[in-house]
Amino acid sequence: MIPGKDATVDKVEAQKEKHGSFALFDIEHFLRRVLKNWYWFVLMLLIGYSIAWVYSKYYAQNIYASNLSLSVSNNTSSYFTPNQSINFIWGQGGNQDGVYLKKMLLSRTHNEFLVKELDLFVNYSTKGLIKSTYLDKDDCPVIFQVDKKHLQQMGYPVTLVPKGINTYEVVLPEEGQSTSLYSYESEGYSAINPYERPANKTIKIGEWYTSPNLRFRLVRNPVVPKIKLEKIIVELSTVNQSVNGIVSTIGIDFDKEINSIMIITKTGFNLNSTVNFLNMSVNQLQKKRLADKITVDKNTDVYLQENLANIRKKLDSSANVLNYMKTTEKLYDIKDRDEKSLGAIKELEARKADIDSKIASLNEIKRSLDAQNFEKMISTTAAGFQDGLFSASVAELKALYLKRRELALIYKPGSEPMKEINRLIDDAKMTSNTALRNYYSGYYNEIGKINQKVAQANSDLSTYPEKQRRYLDAERGYNMIEATYNSLLGRQNETQMRMAANQSDITVIDPAKNVGQPPIGPNVKATKAAVIGGFLVLPLLFILIGELLDSKIRNIRELLSATKIPLLGVIGNNSNDNMLTVMDQPKSSVSEAFRGIRANVRFLSGENNGSKVILITSSIGGEGKTYVSINLASVLGLSDKKTILLGMDLRKPKIFGDFQIDNKYGISNYLTGEVGMDQIINKTRIPNLDVATSGPIPPNPSELLMSERNIQFIEDLKNLYDFIIIDSPPVGLVADSYELMKHSDANIYVVRHEYTEKYMLKMITERYHNGEIDHLGLVYNDYNTKQGYGYGYGYGYGYGYGYGYFDEDKNYKEPLLIRIRNKVQSIFNKK
């Protein structure tokens with residue numbers, strides 16, 4: 001094996017494989033098509049802009065946001081605040097009270113209380129010609145007051161039209177009344193009997209409107225609205241819908257520098273509504289938190305008073321014992337007392353007494369928790385700790401127990417909802433008990449350490465006599481009881497001070513306020529850009545898809561790059577009624593292009609002085625091979641060269657019509673031996689141009705064209721003519737032309753602009769590069785200058801740059817892009 005030989009062969013084979021292969025996407029032609037279809041982009045731009053303008057003007061609902069900032073005191077978190085969510089996200093540390101308060105503000109219970117208390121299930125709006133605008137209650141002159149004991153229809157728009165002073169017409173929809181009505185008392189639906197549509201009615205302020213599906217009255221709004229409304233549309237929603245809608249629009253964050261400062265954001269379609277809701281929500285929360293604090297502090301104060309009374313009795317008893325020992329046993333003056341050890345023991349036992357009192361408070365909290373006696377819970381400060389998450393878990397547990405009682409009225413004990421609520425209760429119990437166990441463990445560990453230190457100190461007192469040790473034990477007992485009493489007394493004072501202060505632990509720093517802040521959404525500019533961009537993409541997408549699916553030849557540069565076959569010339573669009581362009585318009589640019597082809601054919605056939613046979617073919621019919629044959633023969637005939645045009649496309653004769661020749665006898669008759677050569681050769685207007693038409697269509701055209709008689713016919717004509725032009729059959733349909741090419745001196749393959757399929761060129765290209773066809777050249781036919789800037793090869797005879805130069809083309813007006821290009825070139829070419 002010769003090294004590198006196989007690689008060379010593979011390279012040659014790969015190169016052959018590329019011949020006739022066109023690129024999937026022609027960026028140049030794509031850009032030309034985009035420029036050609038500019039009016040579609042303008043149209044889409046106008047449509048897109050119009051739709052975007054209508055959307056922003058009449059359909060886009062502005063979304064507003066208002067903020068409120070508050071400070072959370074790190075002291076008392078209520079156990080049983082009624083505004084408590086059933087679903088918590090655990091594991092958040094740091095600002096526990098803040099996290100707890102965040103859960104409260106986002107809780108269903110708190111927001112449900114607001115919805116019911118403030119009638120937030122009543123939705124106000126107004127409508128112009130197209131667009132609806134959401135209103136706040138304060139934007140309306142009247143308040144829609146619902147009779148909560150009456151069944152109401154949800155989502156049923158009621159229109160209030162002012163009809164005079166204190167008078168409104170109630171206009172109901174033409175259809176849509178329902179028999180499934182909602183009760184605000186039971187928060188459920190009930191079915192009623194079918195009824196006719198309630199009639200419109202005019203009512204006065206304060207007068208009840210009653211129908212089977214509605215009952216309400218209008219109350220004058222104490223807040224005077226700033227705008228005058230032509231009509232007010234009121235629509236009711238369920239409590240659950242209102243709560244879900246509110247919670248989904250609330251956002252809560254903590255200040256990055258001070259985590260006890262909370263920033264609450266509310267979004268909505270009406271700025272006043274967001275402002276009023278935030279202020280009302282926090283105001284209600286402050287009231288409830290304050291009431292809960294007072295309740296917890298009262299419980300704690302009662303608990304501490306009871307414990308103080310019991311400890312006081314123990315303290316008095318212990319004091320009596322100590323005094324008795326002093327007076328009867330004369331032990332008040334013990335010699336050589338170790339005051340240092342006794343002082344240490346006293347301090348340690350005081351600490352132990354304080355911890356014991358905290359454990360007692362912890363026991364009280366646990367007992368209340370286990371007994372579900374939430375109303376008697378005492379503050380965790382009595383147990384010596386503050387834990388917002390533990391308080392939250394207790395509140396969670398209380399809410400879950402309430403929820404279970406509600407569900408028990410509807411579901412059976414073994415049902416899935418009951419199983420789920422029991423699971424949640426068990427989880428909340430585990431959380432709270434885990435927290436208590438942690439505090440128990442901490443306290444007991446500390447007592448253990450104190451006991452060790454006390455035992456150490458006691459060893460130093462073991463040398464005292466028994467009486468003195470008894471006295472010291474009594475004194476230590478008194479000191480422990482006294483320390484416990486003082487500890488409880490101190491906590492009672494703290495509790496009573498909190499009760500006297502009577503302030504909420506929530507302080508509003510900046511209330512929500514309407515300062516004319518602009519809407520935060522929707523992003524109208526982005527929407528406009530998206531709509532306009534989307535419409536502009538549509539024609540671009542269609543053009544792109546068309547370009548990808550288009551398999552026609554549209555680019556001369558790509559044609560030559562793929563085939564590697566010489567280009568003889570480019571022929572423009574035939575504006576003539578017939579195919580005799582050279583005869584009828586000899587001074588046109590198209591005629592000049594054929595003269596250029598005539599000159600280039602000589603390079604294909606060589607410069608020998610003998611007669612030359614030029615075969616013209618194409619892929620399929622309709623590509624202009626007959627047109628090229630006629631006009632190339634005409635150009636040769638006009639140049640004083642004796643020329644004959646042979647119509648050898650026996651299956652589809654054409655030439656006779658343009659030359660107005662009778663096709664009764666032609667080449668097919670000659671090849672069958674019916675007539676002689678002189679009978680089929682016809683004269684034309686050009687003295688040096690003769691034509692032999694195809695004649696009647698024979699049953700065996702291939703056999704006739706490949707017969708020895710036809711070959712001899714061509715050889716005989718060589719003795720009579722300088723040029724023999726053969727209009728042969730298309731090679732994409734039959735193989736006749738390949739056989740005739742063996743006897744031709746030059747072969748012209750006609751490619752028609754935006755007509756010839758790319759795949760049709762693969763066969764002729766492969767044969768050419770395999771050496772099966774010699775002296776082959778391309779003619780690009782029917783090229784249209786309006787497609788772009790010309791084909792870019794600078795042939796002077798080509799179609800495009802010279803169009804308009806010749807006499808017949810004096811009325812031709814170049815395309816705008818061509819004129820702009822020529823103008824720019826003329827400016828830069830100035831010296």
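## Crossing of α3 and α12

In this predicted model, helix α3 passes α12 in a right-handed crossing (the near helix is turned clockwise from the far one by less than a right angle). Helices here are DSSP runs of H or I with at least four residues, and strands are runs of E with at least two, numbered from the N terminus. The axes of α3 (residues 38-59) and α12 (residues 524-549) come within 8 Å and cross at roughly 155°; axes are lines fitted to C-alpha atoms, for helices over the stretch in contact, with angles from 0 to 180 degrees between N-to-C directions. The two helices are therefore roughly antiparallel (an angle over 145 degrees).

## Residues in the contact

Residues of α3 that meet α12 include Trp40, Phe41, Met44 and Tyr55, and those on the α12 side include Lys528, Phe535 and Pro539; contact means heavy atoms within 4.5 Å.

## The open sheet

Eight strands form an open, mixed sheet in the order β16-β23-β22-β17-β21-β18-β20-β19, where paired strands share at least two DSSP bridges. Strands β16 (567-572) and β19 (681-683) stand at the edges with a single partner each, so one side of each has no neighbour in the sheet. The twist averages 25° from one strand to the next.

Strands β17 (residues 612-618) and β21 (residues 723-727) run parallel and are joined by five bridges. Ile614 stands opposite Ile725 in β21. Helix α21 (residues 708-718) packs on the sheet, touching β17, β18 (643-647), β19 and β21, and its direction makes about 145° with that of β21.

## Basis

Residues are numbered from 1 along each chain as its sequence is written. Local features of the predicted model need pLDDT of at least 70 and side-chain atom pairs pLDDT 80 or more, while totals for chains, interfaces and linings use all residues, and side-chain values use heavy atoms, without hydrogens and water.

Methods. Angles under 35 degrees count as roughly parallel, over 145 as roughly antiparallel, 65 to 115 as roughly perpendicular and the rest as oblique.
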